[in-house]
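Please open the structure in your viewer and keep the selection tool at hand.

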Amino acid sequence: MPSWTQRPQASAAFLNPALVAAVTATAARDYERASSGALMPWPMAFVVAPLVLHRPTRRVLPISTRTHLANWVAAHPVLVAGMGARCTSLASPVREGLRFGLRHQMLTIEHGFLKSSIPAKSHPRGELADLIKAASLMGRWTSKSEPSTVFALLGVRP
């Protein structure tokens, strides 16, 4: 990952560690709520961020978790085809976001799982609201399937 001064301005703004940490912490918080206390496996952060931060993918995410992930994958084969490359290209920003979240107590790791400590009450605006809403959906949605199933359906390996 290039230093901050060497990063393109748009990339530095959109992939900044605080934003990635907020997306991951939101997904982890709502994963835990939807699964009655089970924590989100930390490798799931590497799937959530590419789904949430990629605008074309985020725009076609379902409104609720009633849509099964397998059905969504079947309906969007072009977006899913690029998941592996997006996951690989976002691995470094996700690692930076995880470190930022851990350092600023937004996240903790408990036995290999992510626990969020961000409050539920927040009122972001604009595109940030869209990102947080999509992260919440991804946390709740991925909690409904085994992590191995999520990775297999999206065509990525942890």
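Which handedness, left-handed or right-handed, does the crossing of H3 and H9 have? The crossing of H3 and H9 is right-handed; a crossing is left-handed if the near helix is turned anticlockwise from the far one by less than a right angle, and right-handed if clockwise.

Before selecting anything, please note that this is a predicted model, in which local features need pLDDT of at least 70, side-chain atom pairs count only at pLDDT 80 or more, and totals for chains, interfaces and linings use all residues. Residues are numbered from 1 along each chain as its sequence is written, and side-chain values use heavy atoms, with hydrogens and water left out.

**First stop: H3 and H9**

Select H3 (residues 45–53) and helix H9 (residues 126–142). Helices (H or I, at least four residues) and strands (E, at least two) are DSSP runs, numbered from the N terminus. The axes of H3 and H9 come within 9 Å and cross at roughly 140 degrees. Axes are lines fitted to C-alpha atoms, for helices over the stretch in contact, and angles run from 0 to 180 degrees between N-to-C directions. H3 is therefore oblique to H9 (under 35 degrees counts as roughly parallel, over 145 as roughly antiparallel, 65 to 115 as roughly perpendicular and the rest as oblique).

Now display Val 48, Leu 51, Val 52 and Leu 53 of H3 with Leu 131, Ala 134, Ala 135 and Met 138 of H9, which make the contact (heavy atoms within 4.5 Å). By class, this contact of H3 with H9 has 8 nonpolar, no polar and no charged residues. Ala, Val, Leu, Ile, Met, Phe, Trp, Tyr, Cys and Pro count as nonpolar, Asp, Glu, Lys and Arg as charged, and the others, Gly among them, as polar.

Select Gln 105, in the loop between H8 and strand S2 (107–110). Gln 105 has a positive phi of about 55 degrees although it is not a glycine. Most residues other than glycine have a negative phi. Gln 105 counts as exposed because its relative accessibility is 57% (buried means under 20% relative accessible area, exposed over 50%, partly exposed in between, with a 1.4 Å probe and protein chains only).

Finally, select His 111, in the loop between S2 and strand S3 (113–116). His 111 is exposed, with a relative accessible area of 79%.
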